[in-house]
Amino acid sequence: MGTSNDEYRDAVLRHQIGVRRFSAGLNKRVAELLEENDRDLVEQLRIRLGRFKGQEIDFTSKKWKDLIAKITLERRESLLEAENMITPELKTLAVMEGAKEINLLIEAVPIKLSFNEIPDSQLKAIVTERPFFGHRMKEWFSALSNTDRSRITRSIQLGMIQGESINNIVRRVAGTRANSFKDGDLSIARRDARTI
């Protein structure tokens, strides 16, 4: 029979496996959501880029500004949907983790202990209001949205300036089937959202 420290360590390790499974499941759901939204965006991008065919390039025109505004709106909504999926899940996890940690300690220590529990509201606030790596979650998603917009805009502009076909521009933004669409601009935002 091991010591209390051994029992606690083993229980924590077992629990961490469950947390990793939760994380992997949430990551998968976020990726599926963004991939589905990306497919819709790519189809719309093909249609909208077709409206520029045979016309002089003017990045100050209303048509160009409308294109970028529409793409920006769709991307922002997609990333907001991901954030809205993640936030309640992480709040629930924070509350469960607070209770689980206390239970692990009580079960591992052979004497009766009592702990001051952190209020659920404070645990939930840690998820959304406490900075990690310098930013709160909302700030991370806002920065992700802005970076994503700039990246996609530059790719479309570059393709148009170079006279690329619509398919080539879309490929630059969406990626290629041969690489499972992991080599386009949209995949970068998906990876970043999953990292957050």
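## Ground rules

For sorting residues, Ala, Val, Leu, Ile, Met, Phe, Trp, Tyr, Cys and Pro count as nonpolar, Asp, Glu, Lys and Arg as charged, and the others, Gly among them, as polar. What you're looking at is a predicted model, where local features need pLDDT of at least 70 and side-chain atom pairs count only at pLDDT 80 or more, while totals for chains, interfaces and linings use all residues. Residues are numbered from 1 along each chain as its sequence is written, and side-chain values use heavy atoms, with hydrogens and water left out.

## α2 against α4

Let's start with a helix pair (helices are DSSP runs of H or I, at least four residues, numbered from the N terminus). Helix α2 covers residues 62–108 and helix α4 residues 137–161; their axes come within 10 Å and cross at roughly 150 degrees (axes are lines fitted to C-alpha atoms over the stretch in contact, and angles run from 0 to 180 degrees between N-to-C directions). That makes α2 roughly antiparallel to α4, a label for angles over 145 degrees. The contact of these two has 14 nonpolar, 6 polar and 6 charged residues.

α2 passes α4 in a right-handed crossing, meaning that the near helix is turned clockwise from the far one by less than a right angle.

## The cavity they line

The structure holds 1 cavity of 30 Å³ or more. On a 1 Å grid over the protein atoms alone, a cavity is a set of points where a 1.4 Å probe fits but cannot get out, and a pocket is an open set with protein on both sides within 12 Å along at least five of seven lines; lining residues have an atom within 4 Å of a point. The largest cavity has a volume of about 60 Å³, volume being the space filled by probe spheres set on the points.

Both α2 and α4 supply at least two residues each to its lining. Among the lining residues are R75, R76, D148 and R149, and by class the lining divides into 5 nonpolar, 3 polar and 4 charged.

## α5 and its partners

α4 also packs with α5, at an angle of about 155 degrees with the axes 9 Å apart. That makes α4 roughly antiparallel to α5, and the crossing is right-handed. I152, S155, I156, L158, G159 and M160 of α4 make the contact with I169, R172 and V173 of α5 (contact means heavy atoms within 4.5 Å). The tally here is 6 nonpolar, 2 polar and 1 charged.

α5 meets α1 too: the axes of α1 and α5 come within 10 Å and cross at roughly 145 degrees, again in a right-handed crossing. On the α1 side you'll find V42, L45, R46, L49 and G50, and they meet α5 residues including I166, N167 and A174. This contact divides into 8 nonpolar, 2 polar and 1 charged.

## Two pockets

The largest pocket has a volume of about 520 Å³. It's lined by 21 residues, with R39, A174, S180, F181 and R190 nearest its centre. By class, the lining has 5 nonpolar, 5 polar and 11 charged residues.

The second largest pocket has a volume of about 290 Å³. Of its 15 lining residues, F132, F133, W140, T195 and I196 are closest to the centre. α3 (120–129), α4 and α6 each give two or more residues, with the largest share, 5 residues, from α4. Its lining has 11 nonpolar, 2 polar and 2 charged residues.

Terms used
Angles under 35 degrees count as roughly parallel, over 145 as roughly antiparallel, 65 to 115 as roughly perpendicular and the rest as oblique.
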